[in-house]
Amino acid sequence: MPHCPVPGPVYTGPMPVNADATQEFQAAIERLSQVSGGNALSYIADHGRRCIDDAVRLSRMRPGGKILNVGGRPYLFEYIARELEMDVDTLDLSPDRNPAEIADLGIDVRALDFEKPEDRAKIDLEAYDIICLAEIIEHMRHDLVGTFRDLSHRMRRDALAYVTTPNFYYAPAILKTLSSGRSGPSLVREWGKLERVGHMGHVREYARSELRDFFRFTGFDIQSSVVRNSRFSPLRGGGLAQMPVRAVARFLSGRFDLFGQELIFILAPADSA
């Protein structure tokens, strides 16, 4: 089994976690790598720091609270949450894609499409202290307003929603978009994931200001909004001529909120929702 290194410290801006927090989860990461037969290695490399940071943040938001995690595959968050003794229920479009991981975790993952009103109606949202949609909103392709408005209306008044998503203005991504001549992620690659992977890729990515407007419009008060960098973009790729431009993009994403990698929103239902 290939060795899976523990991701390094996370830069989290105004809401930092302990720099050495990732070292606590080596066993969980190695376990997922083993159980998945190595299939989770690329996901761990790309999303390991983010999932760890999400789990640590959530464990501190409502200690002992019950969490609904929308979209589990490949269940790295659940492995980390188990180490933190968090109480998590998980939804996924097709739990049968990862039977070994689910069996190893000993959890019951409900097969539901959160975008469908008839599926959401099956969930007792009032049972949860936190509803987590980490890297989900950019994949949603149906009634975005209806989904979040329903969430704000049906979740408990004292509960929170935790939403993360890639930042449209992430400097290295903007550079890639310009160099590729596209307006965003590849239509062929992202929509092709419906057939190849079993779920939608990125429909589009959003800017911080438009998400603020959207969440308020759908019945939420914004408790906090944070920009996070969970991994550095490589300087190599695209030839030597692009290295200076890539270095500038990396600098911008590490120094200025506007150009950071990911957006984190903590939301509460508005009084009038």
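Let's start with the aromatic pairs: there are eight of them, counting rings of Phe, Tyr and Trp (its six-membered ring) whose centres lie within 6.5 Å. Plane angles under 30 degrees count as stacked, over 60 as edge-to-face, and the rest as tilted. Before going on, please remember that this is a predicted model, where local features need pLDDT of at least 70, side-chain atom pairs count only at pLDDT 80 or more, and totals for chains, interfaces and linings use all residues. Residues are numbered from 1 along each chain as its sequence is written, and side-chain values use heavy atoms, leaving out hydrogens and water.

Now look at F215 and F265. Their ring centres are 5.1 Å apart and the planes are at 65 degrees, so this pair is edge-to-face. F215 belongs to helix α9 (residues 208–217) and F265 to strand β7 (residues 262–269), so the pair ties together parts 50 residues apart in sequence. Helices (H or I, at least four residues) and strands (E, at least two) are DSSP runs, numbered from the N terminus.

Are F215 and F265 buried or exposed? Both are buried, meaning under 20% relative accessible area, with exposed being over 50% and partly exposed in between (1.4 Å probe, protein chains only). Ring pairs also join F148, F214, F215, F220 and F265 into a cluster.

Next, please find E78, in helix α3 (residues 76–83). Leaving aside residues up to four places away in sequence, E78 touches N69, G72, T90, L105 and I107; contact here means heavy atoms within 4.5 Å.
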